[in-house]
Amino acid sequence: MSGAGRDEARVFTPGRVNLIGEHLDYNGGKVMPVALKLGLNISARKNSDGVLNVSSAQFNDQVCRALDEAANGHWSDHVLGAVKFAHTKAQGFDIRIESTLPFGSGLSSSAALSVGVTKAVRRLSEMPVNDVDAALLAQQVEHEFIGVPCGIMDQMAVSVLDSGDAMILDTESREFRLLEIPRGWRFAVHHSGVVRSLDEGRYGVRRAECEAAARTLHVDLLCHLEQRNEFCLGAQSQLAPEEVKRTRHVLSENARVKAAANSLEANSIEAFGALMNESHVSMRDDFEISTPEVDAVVEASQEAGAFGARMTGGGFGGCIVSLVSEAAFSSWNERLIALAPDCRFIC
Ligand code: GLA
């Protein structure tokens, strides 16, 4: 968080890209997000009007929201929700957002907005807030104000990490370890061209399917099955066919995250890339959250020479992440754009 005196708080929150470990953060699994250089600069001041004046340079938009308003689908809901859940005294704020992060691309712009506003307004109100608390408050905004039943990965990543840092996060205990990306590796992010939104409801359907499978199999979280080594054929016969597939994704993906951390530490770019490719197949066939357009971009990235490529984030569109060597990046990127002209390089 940066300074700006007693009257103004300025906070930078980065976006994130998840390298591997999708839809595990509400199933008790491990995930591997990296904080991007792209992000949000948020500046906040108290006002005496008792309302929220919110402006965004990116949207060229300025709105005034009453503190007791309900969510209405506008992007400023994340600001209003964060102010409400920050539990500051009833107090108006002027909040200005400058962003280099594309909104609604699956790079956690919403989490960055809620986390950044939470930190800024609590700081102005001289209330304590550490990074994990800010993440939890921002998750509460999604669950109780916006209505998206997300996990904790995005909020933790954008609250705890500095730009360029990677971590392996245990989403159940919230313990994490920073990871070093070996020199010469480059994770590149492209937008697939398919716009997605978590509040379309499909995300919630997947979460409900996982929770139903966990209930049937008498575990609190699906990843607990791994510790008990229990996802045997007998257990599978108790589940609906799609629940078998969802559970298979969750358990195999969690194993892939652990293997990916080992590959990173062993500097094995081939092994890490192969795990990314497997992860995409699992999301496509077992978790069923990809789309033909996204699959085509992932395949184009692989064909252009990436060690691995996969969709990243909640699914049904958004971004893909590819692993290439730094030295090959430019020529690979040109080949990818030629093969998949609808995709857009982000970072
Ligand atoms: C979205 C959610 C996260 C996580 C990912 C999928 O980004 O906000 O909590 O579930 O999807 O891994």
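**Exercise 1: a helix and its end**

Helix α8 covers residues 241-265, 25 residues in total, and spans 37 Å from its first C-alpha to its last, close to the 36 Å expected at 1.5 Å a residue. Helices here are DSSP runs of H or I with at least four residues, strands are runs of E with at least two, and both are numbered from the N terminus. The expected span is 1.5 Å times one less than the number of residues. This is a predicted model, in which local features need pLDDT of at least 70 and side-chain atom pairs pLDDT 80 or more, while totals for chains, interfaces and linings use all residues. Residues are numbered from 1 along each chain as its sequence is written, and side-chain values use heavy atoms, without hydrogens and water.

Task: find the residue with positive phi that follows α8.

Solution: go past the end of α8 to Asn-267, where phi is near 55°.

**Exercise 2: two domains**

Solution: 
- Step 1. The domain assignment (automatic or from a database) gives domain 1 as 2-179 and domain 2 as 185-345.
- Step 2. Contact (heavy atoms within 4.5 Å) links 30 residues of domain 1 with 41 of domain 2.

**Exercise 3: charges across the interface**

Task: how many salt bridges are there between domain 1 and domain 2?

Solution: 
- Step 1. Look for a side-chain nitrogen of Lys or Arg within 4 Å of a carboxyl oxygen of Asp or Glu.
- Step 2. The count between the domains is two.
- Step 3. Glu-22 forms a salt bridge with Arg-310, with the closest N and O atoms 2.7 Å apart.
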